[in-house]
Amino acid sequence: SSEAFVGRTLTRTPRAMSKKSEPDAEFIAEAQEAYIDEDWLKALDLYDIMVEGYPKYVPGWVHRSACNLKLGRHNDALGDAAKAVKLDDTNPKAHLRKGMAFFELGEAEAARMCFERGAQLNGSGAKVYGEWIKKCDDLILGAIESAVPKEDGAADAAKPENPRADIPPASAAAPAPAAAPAPRHKH
């Protein structure tokens, strides 16, 4: 390969960037290979170059979003996926990445909407979207269950009858002392 990495600096750019609407096949393959090899930083560098040189090339945004997800950069992943969706609302993988980013950010409802849209667009390959929708539903249900007190008595069953066992019930208490005698002297 004709590039050299020094830290995170890539010394080459895709050929004929300004003349075509998408990167050459060799450059795309190089970025995909870095991703497949789980070299997330190298892949991210290549996708950075790709989206800078080809800002309307949707797969570049989608794949850069995936790299950012792998690196735990969920806000960056969301931004990239949102850009991909804005460029092409019919790209199911763009919706998948956007949903994954929302999910990682704890936004289960927004994530679920993205997965539903991706599933509509993907048709027969919608299984992965269904799995993510279930994860969202589980997260949403868990949040609801933790926010709502249990009404079936299960929570009460764990409580002891008398939480202050050191204090006897009123019926077992010693009789109240007799009233004190009236004072003998008036002051």
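Lysine 134 is exposed, with 52% relative accessibility (buried means under 20% relative accessible area, exposed over 50%, partly exposed in between; 1.4 Å probe, protein chains only). Aspartate 138 is its salt-bridge partner, with 3.1 Å between the closest N and O atoms. A salt bridge here is a side-chain nitrogen of Lys or Arg within 4 Å of a carboxyl oxygen of Asp or Glu. Both residues lie in helix H7, 4 residues apart, about one turn of the helix. Aspartate 138 is partly exposed, at 42%. Helices (H or I, at least four residues) are DSSP runs, numbered from the N terminus.

The model is predicted; local features need pLDDT of at least 70, side-chain atom pairs count only at pLDDT 80 or more, and totals for chains, interfaces and linings use all residues. Residues are numbered from 1 along each chain as its sequence is written, and side-chain values use heavy atoms, without hydrogens and water.

The structure holds 7 salt bridges. Lysine 127 and glutamate 131 form one of them, at 3.9 Å from N to O. These residues are also 4 apart in helix H7, about one helical turn. Lysine 127 is exposed at 65%, and glutamate 131 is partly exposed at 43%.

Arginine 112 pairs with aspartate 137 at 2.4 Å between the closest N and O atoms. Arginine 112 lies in helix H6 (residues 108–122) and aspartate 137 in helix H7 (residues 127–147), so the bridge ties together parts 25 residues apart in sequence. Arginine 112 is partly exposed at 23%; aspartate 137 is partly exposed at 30%. A network of salt bridges links Asp48, Arg64 and Asp80.

Glutamate 38 sits in the loop between helix H1 (25–36) and helix H2 (40–53). Its phi is near 60°, a positive value in a residue other than glycine. Glutamate 38 is exposed, at 55% relative accessibility.

Methods
Helix = DSSP H or I, 4+ residues; strand = E, 2+ residues; numbered from the N terminus.
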